[in-house]
Amino acid sequence: MKIGLVGAAATIETIHALMDGEEVFVELVDYPCHRENVVELLAEIQSGLDGVLFTGEAIFVHAGRYASAVVPWTYLKRSVNSVLCVLLRAAMDGHDIRRITYDLPYFTSKEMLGLLCDRVGLDKSEVMVNCYSEYKDSAPDAGRSVMHPQTPQHWHLENFRTGRASVCLSSVDSTVSHPLLKDYPAFQVKITGEDVVEALNTLRFRSQLQTRQLADRHMEAVLSIAVYLQDTYTQGIREYRQLQSAYHVEKAILRFAQGIGASVEKNSANRFLLYADRSELELRTENLTKLDLAADLLSVMDVQRVAVGVGFGLTHSIARANALQAAKAARLQAYSCCYTADDHARLEGPLLIVGSCSGEERDKLIIERIAAETYVGVSVLNTLIKAQKQYGFDVITSGELAEMCKLSANQMNRILTKLEAGGYAKIVGSQAHSATGRPRRLIRLDFGI
């Protein structure tokens, strides 16, 4: 897959530096240019590319006004984690982050407010955010204090001088280093490797979708992944630990997605959708029997549980709906597992997911899963497994098993009926009775332990 990097030469160099040593599974081709000549450049290069990544919003918008997208386009956006890191750094430097002025055009004031309140933990009544892109085109009757600054630097300065801001955030170096703001706390939200990978995945997804629509291709696959983190540590280190864990979770998911040629949609901090080709997914995971991604996620610090839903369909839309249905079933379980839903929305599972846990922990998870499925108590299951290991039988009658477990015949029959319905007990023959009466059933137990 060939992606053209179009825009500022300095940003293109930064992208290569961030991607140095990373496996991005795409060929990046440099096209440094200014806004004035981007339309002419696109006319020459698009036919030989699978996608175009613009280095900034301004050149992206200009290109969209005067040129047509033959292949998918997108531009570099700073992720929520990038903004959060800068906010935390400003707070650590002793600045009041309750009043923010910023010019991140793709980041709305509602999103910034949510970030400050939900992720940082500030009180909503104390927070004030001012977004340059939401003011610069405002009409006089928009119901707000309207300013029409010639530059974002003057706008930030006005916010500082009127007390509407105590910290400035910008994605542009020339803004934070401008002489007008030299006496004020202005921070640059820089591009990260995460931002580049997210943009490349967006282009991969759009390119694959475009290609498949043109070729009328076969079956698609979508993975819905939910990662649950513990929240038992003290307030002082919660944000740092969560940020670190979320970073490693996302890195593992992006690495897996790149390996199967999938694109990633991030729904929230710990929920993701992966769009892939079914044949490629099944090839790399040996028909989903080796879902290494789940084990990698469970090895991340503070990850307690992983729920995976895999959906298949003729289109990504159908596969996505099936994946969400499968993921809902996985989330209802108390242990890490995977469900699948085929193109007819038929559920299969759960497939137990075990990370770096010990054999005892794995057995405990299996027993808890069987108990949840069959409504046979955990203590009863442990008694049956202990008897099976102690006496080493392959098949046994219900009467003999009841005697070993010190249960009545009726109790054992009810237990075996539930286990048989769940597929953990099977009648494999009969044993002739020495006296008159019906032959006794021979039963084989299989708990997978």
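Let's start in a loop. Tyr375 sits between helix 14 (359-374) and helix 15. Its backbone stands out: the phi of Tyr375 is positive, about 65 degrees, although the residue is not a glycine. Is Tyr375 buried or exposed? Tyr375 is exposed, with a relative accessible area of 68%. One caution before I go on: this is a predicted model.

There is another residue of this kind. Lys406 is in the loop between helix 16 (398-404) and helix 17. Its phi is near 55 degrees, again positive in a residue other than glycine. Lys406 is exposed too, at 75% relative accessible area.

Now a glycine. Gly121 follows helix 5, and its phi is positive, near 95 degrees.

One more backbone point. Look at the step from Gly349 to Pro350. That peptide bond is cis, and omega is near 5 degrees. Pro350 belongs to strand 14, residues 347-352.

On to how helices meet. I have already named helix 15 and helix 17. Helix 15 covers residues 378-391, and helix 17 covers residues 409-422. Their axes come within 12 Å. How do they cross? The angle is roughly 95 degrees. Helix 15 and helix 17 are therefore roughly perpendicular to each other. Which residues meet there? From helix 15 we have Val380, Leu381 and Leu384. From helix 17 we have Met412, Ile415 and Leu419. By class, this contact has six nonpolar residues, no polar ones and no charged ones.

An α-helix has 3.6 residues a turn, so residues three or four places apart point the same way.

Next, helix 2 and helix 3. Helix 2 takes in residues 38-45. The axes of helix 2 and helix 3 come within 9 Å and cross at roughly 70 degrees. Helix 2 and helix 3 are therefore also roughly perpendicular to each other. Helix 2 brings Val38, Val39 and Leu42 to the contact. Helix 3 brings Ile59, His62, Ala63 and Tyr66. What is the count by class for helix 2 with helix 3? Six residues are nonpolar, one is polar and none is charged.

How many aromatic pairs does the structure hold? It holds six. Take Phe60 and Tyr75. Their ring centres are 4.8 Å apart and their planes are at 40 degrees, so this pair is tilted. Phe60 lies in helix 3 (residues 57-66), and Tyr75 lies in strand 4 (residues 73-75). So the pair ties together parts that are 15 residues apart in sequence.

Ring pairs link Phe54, Phe60, Trp73 and Tyr75. Tyr75 also has a lysine over its face. That residue is Lys77, at 4.3 Å from the ring centre. Elsewhere, an arginine is placed over a phenylalanine. Arg278 lies over the face of Phe312, at 3.8 Å from the ring centre.

Now return to helix 5, residues 109-119. Which of its residues are buried? They are Met112, Leu115, Leu116 and Cys117. What do they pack against? Two kinds of element. There is helix 4 (80-92), and there are strand 5 (99-103), strand 6 (128-131) and strand 7 (167-170).

Last stop, Asp173. It is placed in helix 8, residues 173-176. Asp173 counts as partly exposed, at 46% relative accessibility. Where is Lys190 relative to Asp173? Along the chain, the two are 17 residues apart.

Tyr375 is an exposed residue with a positive phi. Helix 15 and helix 17 cross at roughly 95 degrees. And Phe54, Phe60, Trp73 and Tyr75 form a cluster of rings.

Conventions:
Residues are numbered from 1 along each chain as its sequence is written. This is a predicted model: local features need pLDDT of at least 70, side-chain atom pairs count only at pLDDT 80 or more; totals for chains, interfaces and linings use all residues. Side-chain values use heavy atoms; hydrogens and water are left out. Helices (H or I, at least four residues) and strands (E, at least two) are DSSP runs, numbered from the N terminus. Buried means under 20% relative accessible area, exposed over 50%, partly exposed in between (1.4 Å probe, protein chains only). Rings of Phe, Tyr and Trp (its six-membered ring) pair if their centres lie within 6.5 Å; planes under 30 degrees apart count as stacked, over 60 as edge-to-face and the rest as tilted. A charge sits over a ring if NZ of Lys or CZ of Arg is within 6 Å of the ring centre and within 35 degrees of the ring normal. Axes are lines fitted to C-alpha atoms, for helices over the stretch in contact, and angles run from 0 to 180 degrees between N-to-C directions. Angles under 35 degrees count as roughly parallel, over 145 as roughly antiparallel, 65 to 115 as roughly perpendicular and the rest as oblique. Contact means heavy atoms within 4.5 Å. Ala, Val, Leu, Ile, Met, Phe, Trp, Tyr, Cys and Pro count as nonpolar, Asp, Glu, Lys and Arg as charged, and the others, Gly among them, as polar.
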